[in-house]
Amino acid sequence: SINRFVKKFSTENDGYRLESLYSSVQGSPCILLLRPVNTNITIGFFTSTEIKYIGQNQVIEDPDAFIFILDGDNNQIYRWIGKSKEYNTLTSTERQIAVFNNDFIRFGASHSKGTNAIFIDGDLKSCVCSYSDTYNNAPLYLNGNLFIIESIEVLCGVPIYNTS
């Protein structure tokens with residue numbers, strides 16, 4: 001069983017390299033946390049599966065996934081809408097929980113608006129948070145405008161074994 005989370009990646013220690021993020025992050029579940037520059041806001045994504053990239057668009061489908069923003073007393077969480085629908089009725093954007101590739105990381109998608117709930121550029125320094133069908137979320141931060149990322153951290157679950 002998983003009893004604790006361990007920081008597996010941080011831009012502070014590992015730099016702003018997407019390749020470093022993918023190679024450092026192993027284990028599940030995972031929580032990705034990002035902080036916009038000059039704020040106390042934290043934007044994040046949780047998945048019960050691994051965050052991984054294997055040389056192509058890696059799409060994960062995880063019924064336990066959610067996105068969130070922590071902003072003082074104004075905290076919001078948006079769960080994957082697929083849990084409340086029959087899977088075969090979901091559109092491709094409703095199924096797009098997360099996509100990992102060597103140019104970006106994105107969470108959620110909207111077919112009609114062409115946006116993502118969270119879109120992190122491959123340099124790990126800029127982000128846009130917009131509407132998505134996947135999470136049926138309002139924009140988490142700055143109404144879909146580009147912002148600079150101060151830091152990213154990824155925490156992964158680590159099993160603790162009883163050795164007694």
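The sulfur of Cys129 lies 4.1 Å from the closest cysteine sulfur, that of Cys127, which is too far for a bond. A disulfide here is a pair of cysteine sulfur atoms within 2.5 Å. By this rule the count is 0 disulfides. Cys129 is buried, at a relative accessible area of 0%. Cys127 also counts as buried, at 0% relative accessibility. Buried means under 20% relative accessible area, exposed over 50%, and partly exposed in between (1.4 Å probe, protein chains only).

The model is predicted: local features need pLDDT of at least 70, side-chain atom pairs count only at pLDDT 80 or more, and totals for chains, interfaces and linings use all residues. Residues are numbered from 1 along each chain as its sequence is written, and side-chain values use heavy atoms, with hydrogens and water left out.

The chain contains 3 helices and 11 strands. These are DSSP runs numbered from the N terminus (helices H or I, at least four residues; strands E, at least two). Their order along the sequence is β-α-α-β-β-β-β-β-α-β-β-β-β-β. The radius of gyration is 15 Å, close to the 15 Å given by the globule rule for 164 residues, so the chain is as compact as a globular protein of that length. This radius is taken over C-alpha atoms, and the rule is 2.2 Å times the number of residues to the power 0.38. Of the 164 residues, 46% count as buried. Among contacts with a separation of 6 or more, 53% join residues 24 or more positions apart. Contact means heavy atoms within 4.5 Å.

The largest nonpolar core holds 38 residues. Such a core is a set of buried Ala, Val, Leu, Ile, Met, Phe, Trp, Tyr and Cys residues joined through side-chain atoms within 4.5 Å. Leu21, Leu32, Leu34, Ile43, Phe107, Ile118 and Ile120 touch the most other members. Helix H2 (18–24) supplies at least two core residues, as do several strands, including E2 (30–36), E3 (42–47) and E9 (118–121). Strand E11 gives the most, with 5 residues. Beyond four places in sequence, Ile43 touches residues that include Leu32, Leu34, Phe68, Ile118, Cys129 and Phe147.

Ser92 lies in helix H3 (residues 92–95). Ser92 is exposed, with a relative accessible area of 57%. The C-alpha atoms of Ser92 and Ser110 are separated by 9.4 Å, at 18 residues apart along the chain.
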